[in-house]
Amino acid sequence: MHRLYSIMSALMLISALSFAQAKRISGKVTDSKNGNELPGVTVKVKGTNTGTITQVNGNYELSIPGNATTLIFSFLGYADQEIEIGGRQSINVALGNGTKDISEVVVVGYGSQNKRELTGSVTKIAAKEIANQPVSSFESSIQGKAPGVVIESGSGKLGQGMKIRIRGTSSISASSQPLYVIDGMPVMSASMSTTDNDPTNPLVDINPNDIESVEILKDASAAAIYGARAANGVVLITTKKGKVGEGTRIELNINSSIAKPTMRRKFLDAQQYVTLIEETAVNDGKYDFAHQISGFATEAAAINYYKNRVEKRMTTLAGGNGWRTNAINTDWQDEEFRQTAHTNQIDLSATGGNEKTKYFASGSYSDQEAIVIVNRFKRYGARLNLEHTANSKLSFGVNMGITRSELNRISNDNAFSTPGQLVAQVPISRPYDSLGNPNPNTLYYNGLISKKYEYNRQVSFRTIGNAFLNYYFIPSLSFRSELGTDIYALNEDFYQGKQTQDGGGIGRGGNNITQNVILNTNNYFTFTPHINDSHNLSAVLGMSYLQNDQRGNSVSGENFPSDAVKNLGGAGTITGGSSNEQRYTFLSYFLRGNYNYKSKYLASFSIRTDGSSRFGPKNRYGWFPAGSLGWVLTEENFLKKSKVLNLLKIRASYGKTGNAEIGENNYYTLLSVTNYPMLPGFAPTQLGDPSLHWESTAQTDAGVEFGFFDNRLSGEIDYYNKQTSDLLLKTNVPLSSGFGSIYRNVGSMENKGIEILLNSKNIQTKQFTWTTSLNLAYNKNNVKSINGQIIESGVQRAVEGQPIGVFYMQRYAGVDPSNGDALYYTKDGKKTNDYTQADRGVVGKSNPDWTGGFTNTFSYKGIDLSIFFTFVQGNQIFNQAGQYQSVGFGGGYDNQTIDQMNRWQKPGDVTNVPRLSHFFGNGNQYPSSQWIYDGSYIRLKQLTLGYNLPKSVLSTVKLNSARIFLAGYNLWTQTKYISDPEVNTNTLGNISGGLDFYTVPQAKTVTVGLNVKF
Amino acid sequence: MKPITKYISYILLPAMLAFTCACNKKLDVKPGQQISPEQIQTEDDVKAILLSGYNSLQDPSAFGERYIFLSDLLADAGFITYQGTFLNYTQVNNRQMQKSGSIPSDVWGRGYVTINTANIVLANLDKVSDANKATLAAEAKFLRAITYYELAGFYGLPYSAGNVDQNLAVPLVTTAIISPANLPASKQPRATVAAIYTQIIADLQEAATNLPDSYSEKKNKSRGTKYSAYAFLSRVYMAQHNYVEAAKAADKVIQSGNYALVASFDAEFNNTALSAEDIFAIVQTSQSNAGTSNNGLVTFYALDQRNDVTISPNQIAQYDAGDQRGKFYNYSSDSSSITTSKWRDLYGTIPVVRLAEMYLTRAEANLRAGTAVGDDPLNDVNLVRNRSKATPLAAVTPDDVVQERRLELAFEGDNFWIVKRLQLNVGNLKYNDNMLVFPIPQREIDVNSSLVQNPGY
């Protein structure tokens, strides 16, 4: 009780001090370099303890004693400034001369913090790393730039879902994608498109040029403020805001690109194809006779039979005898890819503001062609970010972006109609007939028919925006309220003409409309009391509510009289119509306190509780605490004077985060509507565990940050240990129950790793600078326990004691030199040519051990050059199409890869490629490690050469700055894989990855661009 | 300034509190388009669950495709060629099924969905009026029995193999699984062939007793009746070599007068509703069907669809010159592909049991039992032959009737059952060869250790 009184009297004293004094002074502190507001700057009356700290918007307000003469502004990394007060009541200050890179402001959840005082692990990616690239979504631009963040685009198709793993995969059945937050509002980031094609990426609706920075919250200390949704990490996107000073700045960006595939596969040409197919017939004849399968009298008769059979087929496929004379020699990859794919982007923005009002406005247009035919992406949109300061207490504003995106799609990789599968066609078939129509008489359905008579298009309209209000009760206590929305309307339509395979001779079409609306509000207090110079405290307390409503309608039809009307108005029969709606909600409260003693000893604690509609009433709420400590050794006296060491900070954190990304209603047992003709019913479809709750991840992180030699060499190293328990696991139940699986909180897995970031300013003269940046990350995943279950996804599985997604299949043992049979290892290590006797085992894994990026930047006068490599190491790729295309015609007459030229031909041949055989393949057309490859690669991800026009030229044309640049992407790749190593046909899977199935390779792009500031 | 500060905090804090309380209720979100078991409350709800059983039978892993297609693929002796790219069907055709394959697990799983649906109906009879209780129960048991008959035939040795008290069929689950607490009831060992057959016969007999003779409303025509139960009973008795009862059951159907052979053979197939000849059939529409691109009988068989199955000229050579059934085939433009016209048009009705089979069953059963229930076997066979303008036979042996079944019921899924019950060979494989029995799905053994795998897998 006594203590309470003393606290109360202390509080009264503070308020008495705050309000009793005569003179008040206020103002704003900005960065002299770029006009950014600087929060956290210490403002002190010289010679006293009176002082305060600037707020998030850089504003400060201070009551000063009547005899005060000078204010001192100090901020880490910036030079202190002393300003005479004179008679002024308002003093604005621009701080400069800092070594900015170690004292930058980092956006964290519900606030921002000085990087130097941060005790969590956060990677910040700045605008210049993201803008003006020939990509449809910003994640592509940050690939390889943040240690521990693995980004896979899966293929060279545009607009597809991207797999993002922050510090490894931490779930098996729930999503392992991070949470995306734009300007404080969680946004929808999971694909809303139909499940019969690849998932698409809703984040393409964000114009990368509007992004000011991307902060990736990696450890529990940073992420736990997002509680139940933070186990996979959080990606905070901050859009560009208006800036005070210098009037209106207009910026124009134009760029244009051409692209081709990074590499083309090598397949047999017509001559090689014919040679090998003839050899196949001879082999099969010999085999048949030797094994007396069909009872031929002589070997010659047997060979003759198979030759006739094969040649008859060749004649059909070539539409005549052209195959014998090499008259036809089609490289189907010429048809799969565009000659050159073009991308054009233009972006215009205006930034400006005064003391009262600041704005950022932009408009953009992007038109991108994929390297593969048909696939094309267009986006246009606009953004307005506005903030108005009504008075020293109140400011408010809106951040709003609207976009329309259009994506012309191709089928998924597992469809005859997809351009990627054109390579299965034989080189002796023509792609088009003499009239220029797609040749219908090909080995498989000719995907070029789909190019001509089919379309699949999705258009999305997106509005992401929020309105906010800041109110300063007193300078040290503010309240912020944000009300945001993410309105997404997706319209998908497809048409398959009669001529197409899926059109089934009658023509089919469909239309799906999906609307997803997120309503989100954040309301929180920020308290930054000024106690004295030594003790710095800030606290955040608030709540958040999110409501997501999804509604959809879909209609499909068939029997189109002709291709004239392609929408469903042209369908003779409507074959399906349905609608659906579903909501989910999250209600959360959070508290965070940051404390530091003389910026030397740092501590942070946060706790969040989340309630979600995804779990039953008894298990709805989860608690997610986190704490961290830091020690800036260079603030200690014994190091303060060090000339070598500028910064040495050690920090450690521990905390708990959750994952609830399993979709809706999974704790319910459910019956669903069935539509048997005229007899509608309810069928049992889902078994639910009412005690279902969060999957939780406890993460320990220990890190060190350092800067040497005037910060010429700086960096940070982190170790983490993520333990995920109570996995939301889709566990198998006996099918004899009438159900297949149930979500249960079962099992645990872990990710451990290290992350290293090094920045070096190698040469820094007035004329010439050379900087190097290296990031490296190692992650080791281990499925610790899943109740003894084995969860399979094709040839991959999650199994206890192994990293998730190991390839599990028959182990290939090469070729028997005596007869050319494919051999496999049996359980006891012997070799067998009987596939059914082969033993299955772990033959690789799809997730890399090491990932990273390496950048060198040079600048000389107005010229800048940046060279950026990315690499992954330690993963394997399974060419799933190998069982059709690298199998000596075992699976069919498919054209084969060039390695088949090394086939076994006669007894004694030592090779890894079995005997060619169409009719008597010995099992090598089934999955085996024969098609497992090392997936490691290093790639020149980006090479940029820029030239800034000199000021002398600019002033004559009245420009502030102008830069022209030439950039190349994926120009060079070193890999042992036979195609592009950045490949994954199952784009987003937790278990599946590293699968190539006729997958479109990545693009190699050359961009020219212009950036002008008026 | 102070009063304003206070004022605002007085407003804001309570507002926040009120808002959060209101939000708390917002966490109660009901499923958008499904119901939970607590919502099963009325007779209509129970009936709706029952009717979903027919949807389950329409599934491609039931009568919609696989009960029929797989039995012809697995037991084919050279009359069809499977040339599709789907590896799982190739494995069935080559008798190289994998225990981890999708087909063994899909067919198993779908069967138990139907069975559980029936069990849920039986567990909720307390919500049904007394007047309708027996009928609804009978209908549920009909669905359950015919599914057990199919599963027992695919996953176990046939009844004809004897040793029925030891040979294992499939787990016999007769209680409803509607919450995780019920799961232990599904973890059962495989019941013996005898136990399964006892259950099937009991269920079908109850169905034959309590189901209506027929339905007058068009929408109900596809539901099970007294005579669909008898028709399946005749199949079960044939499998047991209980020819006396088989003849009687088939005779009940024929004598009912509810069915008639359609005038022309081709009128029996590709219909939009049940024909006069259909005793039990699966109906399909463009909105409700077993598949149009990767599943469905038409998908695999039809010339203008995947055309994965072609028919050998040997099949056609079996028919008389005048036999309309021999002309019920389609030829590709270069005559290289022959397909059956039975599965020609999308969304056609799939006959499951039709009257012609009952005549042939009665004939064969009478011949084998030495009885003369209903009519003379020769008359029965010739009745079927005459409809298709085939030359009438002068005399008939049991084997003749079996051959007649093959001609009449080709590609309707009868072949497998003939082979199994009469202990015939498929190529050089004996009827009880390991590879002619489906493997128990490996994923099922993984979660139910009391299951024993079939030999050979």
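## Briefing on a predicted two-chain model

B:Lys327 is placed in the loop that lies between helix H11 (313-317) and strand E7 (329-331) of chain B, where helices (H or I, at least four residues) and strands (E, at least two) are DSSP runs numbered from the N terminus. This is a predicted model, in which local features need pLDDT of at least 70 and side-chain atom pairs count only at pLDDT 80 or more, while totals for chains, interfaces and linings use all residues. Residues are numbered from 1 along each chain as its sequence is written, and chains are lettered from A and ligands numbered from 1 in the order in which they are written.

- B:Lys327 counts as partly exposed because it has 15 C-beta neighbours inside 10 Å; a residue is buried if 20 or more other C-beta atoms lie within 10 Å of its own, exposed if 12 or fewer, and partly exposed in between, with C-beta atoms placed from the backbone.

**Where the two chains meet**

- The contact between the chains takes 57 residues from chain A and 64 residues from chain B, two residues being in contact if their C-beta atoms, placed from the backbone, lie within 7 Å.
- On the side of chain B that touches chain A, the elements giving two or more residues are helix H1 (2-26), strand E1 (34-35), helix H2 (43-58), helix H5 (102-123) and helix H16 (442-447) of chain B.
- Of these, H1(B) gives the most to that side, with ten residues.
- By class, the side of chain B that touches chain A has 27 nonpolar, 29 polar and eight charged residues, where Ala, Val, Leu, Ile, Met, Phe, Trp, Tyr, Cys and Pro count as nonpolar, Asp, Glu, Lys and Arg as charged, and the others, Gly among them, as polar.
- Strand E30 (residues 670-674) of chain A runs antiparallel to E1(B) and is joined to it by two bridges, and two strands pair if DSSP finds at least two bridges between them.
- Within E1(B), B:Ile35 is the bridge partner of A:Leu671.

**Strand pairing within chain A**

- An open sheet of three strands in chain A has the order E4-E1-E7, with mixed pairing.
- Its edge strands, each pairing on one side only, are strand E4 (59-64) and strand E7 (93-95) of chain A.
- Strand E1 (residues 23-31) of chain A pairs with E7(A) in the parallel sense over three bridges, and A:Asp31 has A:Leu95 of E7(A) as its bridge partner.
- Elsewhere in chain A, strand E17 (residues 249-261) is joined by eleven bridges to strand E18 (residues 341-353), and the two run antiparallel; here A:Ser256 stands opposite A:Asn344 in E18(A).
- E17(A) is also joined by eleven bridges to strand E52 (residues 1003-1013) of chain A, again antiparallel, with A:Asn255 opposite A:Gly1009 in E52(A).

**Helices of chain B**

- Helix H3 (residues 66-74) of chain B is largely enclosed by the rest of the structure, because nine of its nine residues are buried.
- What covers the buried residues of H3(B) includes strand E2 (80-82), helix H4 (87-93), H5, helix H6 (130-155), helix H10 (297-301) and helix H15 (415-422) of chain B.
- Helix H12 (residues 355-369) and helix H14 (residues 398-408) of chain B pack at an angle of about 165 degrees, with their axes 9 Å apart; axes are lines fitted to C-alpha atoms, for helices over the stretch in contact, and angles run from 0 to 180 degrees between N-to-C directions.
- H12(B) and H14(B) are therefore roughly antiparallel to each other, given that angles under 35 degrees count as roughly parallel, over 145 as roughly antiparallel, 65 to 115 as roughly perpendicular and the rest as oblique.
- By class, the contact of H12(B) with H14(B) has seven nonpolar, no polar and five charged residues.

**Residues with positive phi**

- Most residues other than glycine have a negative phi.
- A:Asn970, found in strand E50 (residues 961-975) of chain A, has a positive phi near 55 degrees, and A:Asn970 is buried, with 24 other C-beta atoms within 10 Å.
- B:Phe411, placed in the loop between H14 and H15 of chain B, has a positive phi near 65 degrees, and B:Phe411 is buried, with 23 other C-beta atoms within 10 Å.
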